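Subject: A structure for you to explore

Hi there,

Here is the structure I promised to send you. Have a look around it first, and then read on for what I found.

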Amino acid sequence: MKKKTLRLRKTVIASCLLTALTAAVVCSGIFIFFFCRQISNDAQQSLQEEARYIAQAVQRQGMAYLTGLGQMPTRVTWIDRDGTVLYDTSVSSDRLENHAAREEVAEALRSGAGESTRYSGTLQEITLNYALRLPDGTVVRLSQSRQSTLSTLRSILPLAVLSLLAVAALATLLALRTSKQIVRPINRMDPVAPDGGAVYEELKPLVDRIQAQN
């Protein structure tokens, strides 16, 4: 009987641990997916709001506003109607090729606004681009780089591993306690008079079988 109850305890512990870890992994995956998606949406929305503000300033002040921007995390590019770069906050405009074929610029020239996302495998970064067409036909484009989803996952991986280890430890403790409660009535059962003690409903078939055999 002791060997059987020991086997039962191991089965209960393994089942509880597997269930807890599976639930933790699934929940973590769902959380990370929505977390990365929310970060991307927030970054895109922030870029669009910044682009509208800068576009209005360029419309009023032109080149004077752009040259006064100085260094900033968001790259601002002013593009003529034919795609020629008039000004760029990061690179000298004469070093840049024609931007008419860029996805976000072409879309802005056609419909008034355009956006695109480009991934750099070397830097493992994603560049968000948003362009707005001004009333004079020129285009103001903003570009902002952020970590790729893979880089984000790598940064939170240690915390995720620690969380899974904590879940595993807690699940093991709970499983040990639960397994003791499950096998306690079995260990206390009298084989001669199995129905003499208090047993839970799930043990009733076993008790009836032992009685029948007796």
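Let me begin with one term: a polar contact is a pair of N or O atoms within 3.5 Å, and within protein one of them must be able to donate a hydrogen and the other to accept it. An example is the 3.5 Å polar contact between the side chains of R141 and S143. Please keep in mind that this is a predicted model.

**The overall layout**

The protein has 214 residues, and 29% of them count as buried. You will find five helices and five strands, and along the sequence they come in the order α-α-β-β-α-β-β-β-α-α. Among contacts with a separation of 6 or more, 44% are between residues 24 or more positions apart. The protein exposes about 13700 Å², with 58% of that supplied by carbon and sulfur atoms.

**Around R141**

R141 sits in strand β5, which covers residues 139-147. Is R141 buried or exposed? Its relative accessibility is 2%, and buried means under 20%, so R141 counts as buried. Leaving out residues up to four places away in sequence, R141 touches a set of residues including R75, H99, R102, E104, R118 and Y130. Several of these names come back below.

**The salt bridges**

How many salt bridges does a search of the whole structure find? There are four.

In one of them, D88 pairs with R75, and their closest N and O atoms are 2.9 Å apart. D88 belongs to strand β2 (residues 85-88) and R75 to strand β1, so this pair ties together parts that are 13 residues apart in sequence. D88 is buried, with a relative accessible area of 5%, whereas R75 is partly exposed at 25%.

E97 and R102 form a salt bridge too, with 3.3 Å between the closest N and O atoms. Here E97 is exposed, with a relative accessible area of 53%, while R102 is partly exposed at 25%.

R118 and E104 also meet through their side chains, at 3.1 Å from N to O. This pair links distant parts of the chain, with R118 in strand β3 (residues 113-120) and E104 in helix α3 (residues 103-111), 14 residues apart. R118 is partly exposed, with a relative accessible area of 32%, but E104 is buried at 0%. Salt bridges with shared partners join E104, R118 and R141 into one network, which brings us back to the buried R141.

**The nonpolar parts**

In soluble globular proteins, nonpolar side chains tend to be buried together. In this model, the largest nonpolar core has 18 residues, and I54, V58, V140 and L142 have the most contacts inside it. Helices α1 (2-61) and α2 (63-67) and strands β1 (75-79), β4 (125-133) and β5 each supply at least two residues of this core. Of these, α1 gives the most, with seven residues. Another core, of five residues, lies apart from that one and has V105, A108, A131 and V139 among its members.

For a nonpolar group on the outside, turn to V26, I30, F33 and F34: they form a surface patch with about 400 Å² of accessible area together. F33 is located in helix α1. With a relative accessible area of 48%, F33 is partly exposed.

Happy exploring!

Definitions and conventions: Residues are numbered from 1 along each chain as its sequence is written. This is a predicted model: local features need pLDDT of at least 70, side-chain atom pairs count only at pLDDT 80 or more; totals for chains, interfaces and linings use all residues. Side-chain values use heavy atoms; hydrogens and water are left out. Helices (H or I, at least four residues) and strands (E, at least two) are DSSP runs, numbered from the N terminus. Buried means under 20% relative accessible area, exposed over 50%, partly exposed in between (1.4 Å probe, protein chains only). Contact means heavy atoms within 4.5 Å. A nonpolar core is a set of buried Ala, Val, Leu, Ile, Met, Phe, Trp, Tyr and Cys residues joined through side-chain atoms within 4.5 Å. Patches are made of residues with over 30% relative accessible area and no salt bridge: like charges are joined within 9 Å, nonpolar side chains (Val, Leu, Ile, Met, Phe, Trp, Tyr) within 5 Å. Accessible areas come from the Shrake-Rupley method with a 1.4 Å probe; for residues, only the protein chains shown count as cover.
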